[in-house]
Amino acid sequence: MELGWRVDYAERIAAEHATFGDQEDLHGDLPESAHFWSERFMLPKLNALGVTSVEQLIVDEIGRRAVGSPGDVVVLSLGSGNGDLELGWLRSLADRGVTNVRMRLLEFNPRMQERAAQAADRLGLSDRVELVVADFNTWRADARHDVVVAFEALHHVVDLEHLYGQIRDSLTVDGVVVVHDMIGRNGHRRWPEALEVIERIWATLPPELRRNSITGEVDDHYDDLDCAVDGFEGIRAQDVLPVLLDHLHPSLFLACGNVIDPFVERIYGHNFDMESAAHRDLIERIGTLDDALIDLGVVTPTRLTALFHREPHRLRVHGMRTPERCIRRTSVIDPAGRVSFDPHVADRSRIVQGAGVAVGRTNGIFDDQWVGRSAEIVVFPTADVGRLELTTYLPDWMPRTGNLTIEVDGESVGTVEPKYGLCTNNVPVDLPARRVRRLALLADWSVNQDSAGLGQDRRTLSYVLTCVAFREK
Ligand SMILES: C[S@@+](CC[C@H](N)C(=O)[O-])C[C@H]1O[C@@H](n2cnc3c(N)ncnc32)[C@H](O)[C@@H]1O
């Protein structure tokens with residue numbers, strides 16, 4: 001596990017507890033559009049794989065092992081929240097006459113565990129339920145498990161390697177791990193190739209469909225929120241699948257959804273009225289587009305329903321959506337090699353400093369602040385500016401450096417020669433306050449690590465831009 005997670009771990013736990021402590025119903029406020037989409041675009045794919053529903057899949061996997069078993073079948077549910085789903089599975093099994101199931105709820109939020117205990121009591125299931133109050137990043141397996149369920153839990157895990165190791169080692173020989181989880185980019189953000197499509201759809205939407213339920217505002221631009229800023233929401237979502245495949249073997253694998261996400265999730269999803277034929281039509285069209293983009297390999301899925309085992313199994317997948325094709329290679333920023341991102345992604349607030357603000361789309365600056373041969377920032381000087389201060393960074397492995405020409409509205413205002421390491425470069429300018437300007441940075445050198453045999457990065461890179469400071473006269 002990287003050290004970075006450890007540093008603010010206690011604060012993240014506090015934030016996570018605060019988020020979920022009061023949530024008595026985790027599933028109730030899902031937008032209608034989410035149900036509409038999953039019935040139209042997820043369920044039929046599951047059905048084609050012989051599965052009636054996600055709940056049925058879980059209940060069947062437990063039931064299959066319980067029927068005829070002389071003792072209890074032991075089920076572990078990871079990040080079980082209020083335990084309402086698990087109690088529902090127990091009841092469904094009991095309705096089938098299956099009662100030899102012990103349900104272990106692994107959850108570190110004591111208030112949620114308390115609610116689970118009360119509900120189990122009310123339903124007369126207390127003797128079937130065991131509360132494991134533990135942190136799944138450090139929990140050590142203390143029992144054999146026939147079935148492990150990860151229902152919307154793995155995208156909260158920091159130490160996936162540890163948890164998967166514990167699960168694998170505690171799984172019985174014919175045990176199964178049922179996964180229903182999020183596998184998209186960390187923080188549930190969009191990768192550039194998906195963001196680009198969403199932004200284009202966004203630009204066509206009427207204001208009432210762009211209302212942000214958190215701020216109450218109509219968003220001109222889709223807000224590609226990083227949900228992992230404080231708690232554990234999506235903290236390592238992009239690693240959930242690849243690390244899982246390092247530890248266990250799939251037998252059933254259905255991955256879907258990506259571009260549809262903003263339209264069916266809680267921030268904007270409630271704007272869609274499923275009684276309206278026009279809104280239904282829109283969700284239907286975006287869902288169809290999303291499926292095509294996934295099947296073409298343009299975007300990779302963000303949701304996964306799957307079964308995993310200790311030993312290799314025959315695999316059922318939807319169409320060509322094999323696990324390997326559903327992994328987004330994180331070393332590639334944009335598979336199409338384009339660098340046209342929302343300015344938020346390139347974090348304009350960090351790059352532009354001093355008496356200037358970025359006010360438009362930033363092109364050519366990757367979200368890790370690497371810059372290719374040309375970059376463009378639309379800026380608004382807030383005072384009369386006499387000097388631009390560019391802070392750049394060049395690592396030792398760069399084979400060469402060169403000249404960086406700075407243009408304002410197409411006119412060259414100076415050239416600097418960034419040095420290796422961190423370097424501040426000054427360029428005298430005369431920019432009167434309060435006029436939008438187009439600042440271009442043009443480098444006459446670049447390297448592609450991959451083709452130069454220097455590493456795996458396939459981007460064409462020139463330097464890291466740490467900051468452009470606008471200095472007042
Ligand atoms: C999205 S909720 C899902 C809850 C439940 N599986 C459901 O679908 O109703 C994620 C759950 O993981 C729990 N969680 C987050 N980090 C955890 C950790 N480190 N150890 C144990 N549980 C954790 C949270 O408290 C929360 O209940």
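User: Before we start, what should I know about the numbering and the model?

Analyst: Residues are numbered from 1 along each chain as its sequence is written. The model is predicted, so local features need pLDDT of at least 70 and side-chain atom pairs count only at pLDDT 80 or more, while totals for chains, interfaces and linings use all residues.

User: Into which domains is the protein divided?

Analyst: Domain bounds come from an automatic or database domain assignment. Here they give domain 1 (3-326) and domain 2 (340-472). The C-alpha centres of the two domains lie 40 Å apart.

User: How do I read strand pairing, and which strands pair with β21?

Analyst: Strands (E, at least two residues) and helices (H or I, at least four) are DSSP runs, numbered from the N terminus. Two strands pair if DSSP finds at least two bridges between them. Now look at β21 (residues 463-472): β10 (residues 352-354) pairs with it in the parallel sense over three bridges, with V468 as the bridge partner of V352. Strand β13 (residues 370-381) pairs with β21 in the antiparallel sense over two bridges, and there V371 has Y463 as its partner. Strand β14 (residues 385-394) is also antiparallel to β21, over eight bridges; in that pairing R387 stands opposite R471.

User: What do side chains do along a strand?

Analyst: In a regular strand, side chains alternate between the two faces of the sheet.

User: How do I read a helix crossing, say between α3 and α11?

Analyst: Axes are lines fitted to C-alpha atoms, for helices over the stretch in contact, and angles run from 0 to 180 degrees between N-to-C directions. Helix α3 (residues 32-48) and helix α11 (residues 277-296) have axes 10 Å apart and pack at an angle of about 50 degrees. That makes α3 oblique to α11, since angles under 35 degrees count as roughly parallel, over 145 as roughly antiparallel, 65 to 115 as roughly perpendicular and the rest as oblique. The crossing of α3 and α11 is right-handed, meaning that the near helix is turned clockwise from the far one by less than a right angle.

User: Which residues come nearest the ligand?

Analyst: A residue is near a molecule if its C-beta atom, placed from the backbone, lies within 6 Å of it. Of the 19 residues around the ligand, the nearest are G79, G81, F108, F136 and H156.
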